[in-house]
Amino acid sequence: MIILGIILLVVGFLLDIPILWTIGLVVLVIGLVLLLLGSMGRAVGGRRHYY
């Protein structure tokens, strides 16, 4: 999810499409939050670790 967010950010920036940039930022933030919760030992979506 983090990699998808970074790809969307880059594509949105290079092609000058603001909606892709915004969606990429949202996906990146959600991915980082899930990574943080998974690394703290909380079960995220029924999984102990979120990769």
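Tutor: Let's take the nonpolar surface patch. Helix H1 (2-14) and helix H2 (18-39) each supply at least two of its residues. Helices here are DSSP runs of H or I with at least four residues, strands are E runs of at least two, and both are numbered from the N terminus. The model is predicted, so local features need pLDDT of at least 70 and side-chain atom pairs count only at pLDDT 80 or more, while totals for chains, interfaces and linings use all residues. Residues are numbered from 1 along each chain as its sequence is written, and side-chain values use heavy atoms, leaving out hydrogens and water.

Now the patch itself. H1 gives the largest share, 7 residues. Areas come from the Shrake-Rupley method with a 1.4 Å probe, and for residues only the protein chains shown count as cover.

Leu 14 sits in helix H1. Its relative accessible area is 63%, so Leu 14 counts as exposed. Exposed means over 50%, buried means under 20%, and partly exposed lies in between. Ile 7 also belongs to H1. With a relative accessible area of 45%, Ile 7 is partly exposed. Ile 7 and Leu 20 are 13 residues apart in sequence, and their C-alpha atoms are 9.5 Å apart in space.

What about the helix that carries them? H1 has 13 residues and spans 18 Å from its first C-alpha to its last, close to the 18 Å expected at 1.5 Å a residue. The expected span is 1.5 Å times one less than the number of residues. Gly 5, Leu 8, Leu 9 and Gly 12 are the buried residues of H1. Seen down the axis, they fall within an arc of 100°, so they line one face of H1. The arc is taken from the directions that run from the helix axis to the C-beta atoms. On the other side of H1, Ile 3 and Leu 14 are exposed. H2 is part of what covers the buried residues of H1.

Asp 16 lies in the loop between H1 and H2. Asp 16 has a positive phi of about 55° although it is not a glycine. Most residues other than glycine have a negative phi. At 66% relative accessibility, Asp 16 is exposed.

H2 is the other contributor to the patch. It has 22 residues and reaches 32 Å between its first and last C-alpha, close to the 32 Å expected at 1.5 Å a residue. Its buried residues are Gly 24, Val 27, Leu 28, Gly 31, Leu 34 and Gly 38. They cover an arc of only 130° around the axis, which puts them on the same side of H2. These buried residues pack against H1. Pro 18 and Leu 36 are exposed on the face of H2 turned away from its buried side. Take Leu 34 as an example of the buried side. Its relative accessibility is 19%, so Leu 34 counts as buried. Leu 34 and Met 1 are 33 residues apart in sequence, yet 9.3 Å apart in space, C-alpha to C-alpha. Just after H2, Gly 41 takes a positive phi of about 95°.

Finally, the whole chain. The protein has 2 helices and 0 strands. Of its 51 residues, 24% count as buried. It exposes about 3900 Å², and carbon and sulfur atoms supply 77% of that. Among contacts (heavy atoms within 4.5 Å) with a separation of 6 or more, 25% join residues 24 or more positions apart.

Technical notes. Buried < 20%, exposed > 50% of the residue type's maximum accessible area, 1.4 Å probe, protein only.
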